Amino acid sequence: MMFVLISVVASLVSCIITHWIYKWRNPKCNGKLPPGSMGFPVLGETMQFFAPYRANNISPFITKKMKRYGSIFKTNLVGQSLIISTEAELNNFIFQNEGKLFQCCYPKSFNEIAGRDNLVTAEGFMHKYLRNLVMNLVGNETMRTKLIPKVEKTICKNLQRWCGQASIELKEAVAKMEFGFGAKILLSYSESKSSKNLRQAYADFQHGLISFPLNVPGTAYRKCLQGRKKAVEIIKSILEERRATPETRKEKDFLDLVIEEMKKKGSLMTEEIALDLLFILVFAAFETTSTALTLAVKNVGEHPKVLEELAKEHEAILRNRKNTDQSGITWQEYKSMTFTHMVINETVRLANIVPGIFRKVLKDVEIKGKFLPWTKTNNQVFLLYSGYTIPAGWIVMVCPPAVHMDPKQYDDPFVFNPWRWQGQELNTGSKTFMGFGGGSRLCAGAEFSKLQMTIFLHYLVTKYRWRVIKGGDIARIPAVMFPNGFHIQISEKNMIPKDAAAT
């Protein structure tokens, strides 16, 4: 009798598990889902997605899926069913229909580490409100009248300090410089004058920013959450101290503006929103720009003709100044640095710092298919999609790297070639260039990031030379990192560095 009972229970459990696995692998849809695989229950294909890889390339996970299923396919990451799009036209359709068919949405794990009320995932009026606040800090007028001389002073000071050292690890050195500058204009925070190590808290946060979201002791994700908690605690203490001892400051920082907003009757700015906003802005102020700038220096150094053209442009600007007493870059000079902007765009295109842009489907979306069933590029075959339905509630991940590396969009896409941008619009995104986001949600600090990179390159190529000491390998997890660092030696142009010819 007991044996029969156990057999019945085992059979029921087996049926339940089998049914669960079947439902996992065959999700419901009022139409035809794109092809793909949902991976293992709960885990999905998360491990494959986060597998590290080297060099400027598309993720092996994405490449494999494209070869097998075409430019749009289904998968599951960290328990979330989603569609990945590598098709420029479909990506553009998604961005153009934001607020109608799609809305900004990131995985739950991202909101846990970035904050529930962060600028990246805010919607509608709240997003517009927060973005307008940020533009008070990094808008064109503020950059033109206030930020250019401050950026110049910071860059010149650091380049002079690095000059003559046996070696500097450029990514870390630039990140430290950018962090110091960003924390100062945002919070008036100075690492040398504070007992609270905000930089270390962000280093812990960054360590597990793009990692498998397993919140148990010893994991990178746990360290990331702990870093966020510590950073928010420090920012909160700065906020509370500022509110407790109000004073008339000679020059207001962004925190002053936030506190003024909090005091307004009926303001949307709560303490929670303020902390999430300040937290993400401090991080954005140094991480992506330092990565892009390091890659720019690496790319320019590896391509002598690019360096020659870049130096030619900046030396011409110095020669053409009517006022011989002028010591700094003007807004007009910055806007005239066309080749430099081409170098930056090409660096950002190849860098693919953002591996995915996420949107939630608000209602079932019918996607019309392609009429041409096959296309051949580089002796590889990619199946284009037919008509599909993307179900409401699913997440769509737009994949910028797949578009940026698409030979149908860019000739020799893996080659660093700034001249490919000649005659093109350099200050906006497009359906084939999403280095700074897409649609109505282009990065609010994109122009400020380009300003900093431009000024850095100006002083680097007009006053200094450099040579690589070691490192420079690139790995992705899928975020960009330098596993061996990128160590260079910087010297003044009128000095010859020891032991080797300089760039």
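## A covered strand

Let's start with strand β2 (residues 72-77), which is mostly covered: six of its six residues are buried, meaning under 20% relative accessible area with a 1.4 Å probe and protein chains only as cover. Strands here are DSSP E runs of at least two residues, and helices are H or I runs of at least four, numbered from the N terminus. Ile72, Lys74 and Asn76 point one way from β2, while Phe73, Thr75 and Leu77 point the other way.

This is a predicted model, where local features need pLDDT of at least 70 and side-chain atom pairs count only at pLDDT 80 or more, while totals for chains, interfaces and linings use all residues. Residues are numbered from 1 along each chain as its sequence is written, and side-chain values use heavy atoms, leaving out hydrogens and water.

## Its hairpin partner

Strands β2 and β3 (residues 80-85) run antiparallel and are joined by six bridges; two strands pair if DSSP finds at least two bridges between them. Ile72 has Ser85 as its bridge partner in β3. Two residues lie between the strands of this hairpin, where Val78 takes a positive phi near 45°.

## A sheet of three strands

Another place to look is an open sheet with the order β5-β15-β12 and antiparallel pairing. Its edge strands, β5 (168-169) and β12 (464-471), each pair on one side only. Seven bridges connect β12 with β15 (residues 486-492), and Arg467 stands opposite Gln489 in β15.

## An exposed lysine

Finally, find Lys184 in helix α8. Lys184 is exposed, at 56% relative accessible area, where exposed means over 50%.
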